[in-house]
Amino acid sequence: MSRKIRQHTLLVCLCVGGIVSSTCMAGAEPVQVALSEQDFFGEVPVVLSVSRLMQPVSEAPAAVTVIDRDMIRTSGFRDLADVFRLVPGFYVAHFSGNEQVVSNGLNNRYFGRVQVLLDGVSVYTPMFGQVPWSALPLALEDIERIEVTRGPNAASYGANSFLGIINIITRDPIQDRGSLLAVRGGAPALADAVARHGGKLGGWDYRLTIGHKQDHGFELRNDRQRTDFISGRGDYRIDEKNTLQVQAGYTGAVFGRGYFDSNIDVPHDQQVQSSYQQLHWHRVYGPDDELSLQFYHTYNSGHEAVTSTPYVSSGIPILATFLRNDLDSERFDFEFQRNQRLSPALRVVWGASSRLDRVRAPLYLNTIATQTTKLQRVFLNGEWRPAANWVVNGGAMWEHNDITGTDLSPRLALSYHMAPGHTVRGGISRALRTPTVLEDSGDYNLTLNVGIPPGTATIPYFKGGHGLRPESIVSRELSYLFESNTHGFSADTRLFVDRIQDTIVPVSTAGVPYDYYRYRNAADVTMKGVQTQARWRAGATQLSLSHAYTKTVIESAYNPDVAEDLQKSNPSHIGSALVSHRFGSGIEASVGYYQVSEMHPIGDGQFLKHYRRWDARLAYDFRVGAQHGQVALVMQNLFAPYYEFRRDNEFKSRTFGTLSLEF
Amino acid sequence: MQATLALVLCWGMGMAYGQTQILLVLSDSGGACSEVVAAMRGHFAGQNGAFEVRSIHASEFSAGRVDPTETDLIVAIGTDAMEQVSVEARVPVLNILVPRQRYESSRLRAKHDSRQYSAIYLDQPLSRQLQLIKAALPKRDAVGVLLGPASQDRLKPLQQAAREQKLGVSVEQVITEEDILPALKRLFVNAEVLLALPDPLIFNKSTAQSLLLTSYRAQIPLIAYSKSYVSAGALAAVYSTPTQIGQQAAELLLRLAQAKTLLLPPPQYPKYFSVNVNYQVARSLGLAIEDEAALLQRIKAGTERE
């Protein structure tokens with residue numbers, strides 16, 4: 001299938017290329033030079049239409065955290081995933097130097113239960129439900145802002161928008177005309193570079209970014225990364241109402257894998273590729289009235305091979321065996337969306353989408369066949385303002401997929417603006433998580449060469465749950481939001497109760513003398529707690545605080561081990577603080593603080609003690625003629641080392657410097 | 001086809017003696033021009049025919065379809081009409097629906113005496129635009145303005161008006177389209193609100209997107225001069241509709257008729273105006289803006305105080 005996938009990719013690229021070259025000819029409109037009444041009465045294309053406007057946190061139908069460019073920059077983070085440490089309740093860790101975990105409860109290596117969209121492209125992989133954070137063809141410099149919904153919102157984003165939605169919005173190319181060059185370096189072997197150029201070509205506003213990233217990862221792990229990516233976006237205004245957006249990206253990477261103490265999964269390299277192409281047509285009739293059609297294709301592959309080290313297990317000599325793991329997956333998605341205002345008090349967004357996921361993973365699925373999964377959706381969401389102080393948000397999504405059939409995910413939220421700056425919101429929503437291909441059809445066995453008697457032995461490791469029910473969540477929340485524009489201060493506190501049923505867990509099978517897992521709908525879990533976030537912006541000083549307290553109650557479980565695993569996967573406290581100050585002389589200083597209480601992540605994780613981490617960043621802005629530049633020094637984890645996800649991931653102090661130039 | 005557009009509008013046919021012959025010259029057969037004509041006609045209808053009014057398209061005027069000397073006064077509606085009429089006519093001309101800057105350059109070419117060539121501008125006075133900022137955004141007093149070739153003569157009046165309103169103003173000059181974004185970024189260092197002044201180099205269909213997006217991303221609201229910009233994403237605008245301009249023109253003509261004179265008053269700014277707010281944008285920027293009627297009252301009150 002992999003060849004087939006590449007052909008598709010090429011085809012899409014060619015199509016996009018064709019559109020680019022043919023529409024370029026249309027050229028720019030002639031510029032009118034003399035002022036006339038047309039300047040006063042002529043139509044102007046609607047730029048800030050409803051889909052482009054940010055919804056203020058106090059108006060959103062769910063708990064939202066917005067991470068803007070300033071926060072990304074001042075945090076000093078180098079990996080996109082790290083940025084989510086600033087979101088209340090979000091657990092971020094490195095499973096290895098090149099594999100990150102971002103989740104919001106029931107923290108585990110693979111299934112983040114969080115939907116991740118990059119400009120509307122869903123980037124979790126169908127196989128593991130995992131987000132290839134390290135392989136996303138995306139530079140932090142190209143991100144405009146990230147909107148994180150802390151809770152389910154399947155009515156808007158569909159299944160798998162289970163415990164959260166991460167919506168990454170990149171910058172409009174017109175915002176970044178000119179060139180940017182940024183380099184980053186530090187020990188050990190950390191060397192990154194990003195180059196970007198933005199401009200106008202014919203009627204197109206475009207941006208092209210290339211980047212490189214490399215490091216040696218953790219000391220005790222074979223987890224080096226060497227990543228190269230290219231990404232581009234072109235926006236074309238067809239006429240006053242219609243715009244076309246084309247985006248594409250490609251990453252080629254080498255990731256270190258395996259363990260120094262393993263005889264089978266010996267240290268080796270994995271070749272990783274990740275790419276996407278997106279076409280987005282937008283027709284805007286008015287500020288509240290628009291239509292969009294989107295098509296995208298994503299592709300992910302990973303290839304690795306090892307020759308195991310001979311060893312003796314229970315008196316049986318296991319000989320050197322050549323093992324390979326090839327993973328290919330791709331997604332085609334087509335979506336139609338319509339935003340409308342039906343009356344002054346009521347606006348709606350509705351639409352439909354269709355998706356095709358294809359996975360080929362001979363080692364994990366024990367078949368060389370390609371698994372195909374189809375998904376159809378219809379959704380409707382409304383915002384109704386029955387009175388000036390009240391906002392009712394409601395909606396539902398109907399879905400049909402090949403794995404679990406048909407389901408409906410509804411949502412309702414009620415906001416009351418008690419007084420200017422004071423809002424109370426109550427909400428209830430239901431969402432589902434479709435089992436991943438691995439959870440449903442996994443069949444992982446290792447066939448090893450055996451010395452006595454000569455031959456091979458096949459050892460099963462885990463098996464999918466065939467016919468699993470989807471996980472379901474009913475989330476209830478009550479929030480109070482405060483906002484003072486005069487003092488640049490905002491804060492919100494959210495009480496929540498999330499009841500998850502049919503939680504899918506790998507369950508070890510009794511009677512088997514080693515770890516053999518089978519995926520089951522093995523537990524019902526209630527998570528409840530309080531999440532708080534606060535922002536303060538006073539001139540040159542900015543402060544952002546987050547804290548989450550979570551209590552996990554296992555209502556029922558397949559066996560006590562399952563109950564214990566789930567219970568321990570949730571730290572009871574997660575918190576962060578980020579403060580930055582801009583001094584008049586072009587100096588910017590910031591300090592970040594992050595803490596996670598004791599926990600034991602599921603899926604190759606280990607028990608971890610409570611940790612505190614302090615980061616610091618010092619930057620200096622300078623000018624060389626008309627060019628603007630910045631040098632920065634970042635120190636991560638200033639004090640004692642702590643462990644990320646596993647105890648062989650010892651996070652010691654790291655220091656790196658960056659230099660960026662804009663011209 | 002244009003011949004059919006040469007509508008002849010006559011009022012008070014029975015009172016031919018003493019009637020003032022007025023010729024309306026239209027830049028455009030539809031849109032804003034026809035709204036102006038409709039407003040004027042409506043206003044005259046109740047006035048027992050002081051005038052005999054005819055209207056004609058600018059192209060027909062320049063083709064010599066009418067003899068300008070047969071009329072007492074020409075009302076040129078729009079810039080095209082102004083350009084045609086200023087060359088030809090020897091009778092008094094009132095220009096309406098024209099930007100101030102265009103009027104002033106046509107004034108230099110026209111051979112009329114000062115009391116025979118005048119205008120009602122389409123632009124709002126700077127003080128009124130600044131009043132809108134004060135009314136809508138009372139906590140923001142650092143105003144940023146981009147000036148281009150068509151608006152650079154506004155620098156001094158702008159600084160003067162800002163001083164009077166106790167607002168701070170920072171200005172960036174723009175010469176080519178490429179200057180706009182860098183100039184905007186420099187403005188945003190200090191400015192808390194961006195005031196748009198009409199200038200086709202800076203504000204046009206192809207620059208609207210980058211201007212509105214860049215200012216929105218910087219959380220700087222844009223105060224514009226037309227309703228279209230408010231729909232497009234500006235926070236608010238003060239502007240006059242064609243109907244309001246038509247009403248002012250009709251009133252001006254009636255005053256002339258009552259005074260039995262054809263001597264025109266000096267050029268004037270619009271007397272009637274409207275305020276339009278994009279509440280969606282306001283909400284998104286976290287701004288609580290009063291309703292449009294209240295803003296209009298505040299601006300009127302503020303202007304009267306001066």
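Two strands are said to pair if DSSP finds at least two bridges between them, and the strands and helices named in these legends are DSSP runs numbered from the N terminus, with helices (H or I) of at least four residues and strands (E) of at least two. The views show a predicted model, in which local features need pLDDT of at least 70 and side-chain atom pairs count only at pLDDT 80 or more, while totals for chains, interfaces and linings use all residues. Residues are numbered from 1 along each chain as its sequence is written, and chains are lettered from A and ligands numbered from 1 in the order in which they are written.

View 1. A:Gly186 stands opposite A:Leu190 in β9(A) and opposite A:Phe656 in β35(A).

**View 2. An open sheet of 5 strands in chain A.** The strand order is β1-β6-β7-β4-β5 (chain A), and the pairing is mixed. At the edges lie β1 (64-68) and β5 (121-122) of chain A, each of which pairs on one side only. Strand β4(A), residues 114-118, pairs with β5(A) in the antiparallel sense over 2 bridges, and the bridge partner of A:Leu118 in β5(A) is A:Val121.

**View 3. Helix α7 of chain A and its buried residues.** In α7(A), residues 560-569, the buried residues (those with 20 or more other C-beta atoms within 10 Å of their own, against 12 or fewer for exposed residues and a number in between for partly exposed ones, with C-beta atoms placed from the backbone) are A:Val562, A:Asp565, A:Leu566 and A:Ser569. Because they cover an arc of only 90° around the axis, they lie on the same side of α7(A), the arc being that of the directions from the helix axis to the C-beta atoms. An α-helix has 3.6 residues a turn, so residues three or four places apart point the same way. What covers the buried residues of α7(A) includes β26 (489-508), β27 (517-538) and β28 (541-557) of chain A, where contact between two residues requires that their C-beta atoms, placed from the backbone, lie within 7 Å.

**View 4. Backbone details in chain A.** The peptide bond from A:Ile452 to A:Pro453 is cis, with omega near -15°, and A:Pro453 is found in the loop between β23 (443-450) and β24 (455-463) of chain A. A:Asp502, although not a glycine, has a positive phi of about 60°; this residue is placed in strand β26 of chain A and is partly exposed, with 19 other C-beta atoms within 10 Å. A:Asp604 is likewise not a glycine and has a positive phi of about 70°. The loop that holds A:Asp604 lies between β30 (587-596) and β31 (611-624) of chain A, and A:Asp604 counts as exposed, with 12 C-beta neighbours inside 10 Å.

**View 5. The open sheet of 6 strands in chain B.** The strands follow the order β8-β7-β9-β10-β11-β12 (chain B), with mixed pairing. The edge strands, each pairing on one side only, are β8 (168-173) and β12 (274-277) of chain B. Neighbouring strands of this sheet are turned by 25° against each other on average, direction ignored. Strands β7(B), residues 142-147, and β9(B), residues 193-195, pair in the parallel sense over 3 bridges, and in β9(B) the bridge partner of B:Val143 is B:Val193. Helix α7(B), residues 155-165, lies across β7 and β8 of chain B and runs at about 165° to β8(B); axes are lines fitted to C-alpha atoms, for helices over the stretch in contact, and angles run from 0 to 180 degrees between N-to-C directions.

**View 6. The contact between chains A and B.** Here 36 residues of chain A are in contact with 43 residues of chain B. Helix α2(A), residues 38-41, gives the most to the side of chain A that touches chain B, with 3 residues.
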